[in-house]
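I opened my notebook to look through a new structure. Here is what I looked up, entry by entry.

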Amino acid sequence: MCLNQDAVVPIDLIVNSAATLVAAFACAWAAFQFENRRRKHETIERHLSAVNRALYTVFNLWNILFQFQKEVVDPVRGKPDVWLNMPATLPSSYGLTSFQADELAFLLQTPHANTYSELLLEEQRFWIAIHQIEMRSSIVLNQVFPRFAVARVPVGAALTEPQIEGIIGIDVVHKLKQFTVGIIENVDEDVKSLRAIHDALRNAITSVYPNKKVIRIGFEEAKIDARKGTH
């Protein structure tokens with residue numbers, strides 16, 4: 001069987017074939033665009049969710065230290081015997097206190113990369129303060145109180161520092177003074193820096209994704225609101 005070199009392909013076949021190719025390409029392109037938009041939307045939602053979670057964590061860290069500052073530090077602040085009479089506290093469950101570094105890593109690809117490292121640093125600073133609080137409380141509860149009890153020191157008794165040193169030991173006095181100074185300094189600094197990192201993180205995400213809903217923390221009122229991404 002020989003192929004007729006002079007055979008003419010019908011024009012309607014060409015048109016139909018071209019139309020089929022165009023239609024196939026259009027469908028493929030539409031599917032690609034739809035999938036691309038879906039993935040972009042999921043990425044944005046994932047980033048917003050990570051930052052909202054981080055903002056809540058910032059609020060939780062701040063609230064824990066603010067309550068300690070208000071209820072434990074402020075009543076004895078500035079007193080000469082603050083190292084001894086600042087109340088001891090029992091270990092507690094602190095709730096959400098960790099930032100998900102992998103979920104927030106996208107910040108490193110934005111102009112706000114420093115916010116990422118500062119956020120993780122705040123977590124470390126929080127736990128340093130908590131460790132100091134728990135260590136001092138342990139000394140007071142497990143060493144100071146039992147030794148006062150053995151010495152039959154009544155509650156509220158006026159004792160000189162040498163007398164106290166003789167009862168609980170010079171080493172314990174030094175530890176209490178060191179921990180107390182560190183606690184007050186760290187709690188005061190952390191309460192301020194946590195508010196600052198909240199503002200920095202919120203400004204970062206609203207800069208990257210304008211007009212998206214991001215929680216806003218009212219520190220003074222200890223409330224959280226969902227607002228548009230503008231102040």
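I took contact to mean heavy atoms within 4.5 Å. Among contacts in the chain between residues at least 6 apart in sequence, I found that 72% join residues at least 24 apart.

A note on the source: this is a predicted model, where local features need pLDDT of at least 70, side-chain atom pairs count only at pLDDT 80 or more, and totals for chains, interfaces and linings use all residues. Residues are numbered from 1 along each chain as its sequence is written, and side-chain values use heavy atoms, with hydrogens and water left out.

Next I listed the elements, taking helices (H or I, at least four residues) and strands (E, at least two) as DSSP runs numbered from the N terminus. The chain has 5 helices and 2 strands, in the order α-α-α-α-α-β-β from the N terminus on.

Then I looked for a nonpolar core, a set of buried (under 20% relative accessible area, 1.4 Å probe, protein chains only) Ala, Val, Leu, Ile, Met, Phe, Trp, Tyr and Cys residues joined through side-chain atoms within 4.5 Å. The largest one has 42 residues, and L65, F68, M86, L104 and L119 have the most contacts inside it. Helix α1 (11-73) is among the elements that supply at least two residues of this core, and α1 gives the most, with 15 residues.

I followed up L65. Leaving aside its neighbours within four places in sequence, L65 touches F126, A129, I130, V187, D190, V191 and L194 by the contact rule.

Last, I noted a second, separate core of 12 residues, including I139, V144, V173 and L176.

Note on methods:
Buried < 20%, exposed > 50% of the residue type's maximum accessible area, 1.4 Å probe, protein only.
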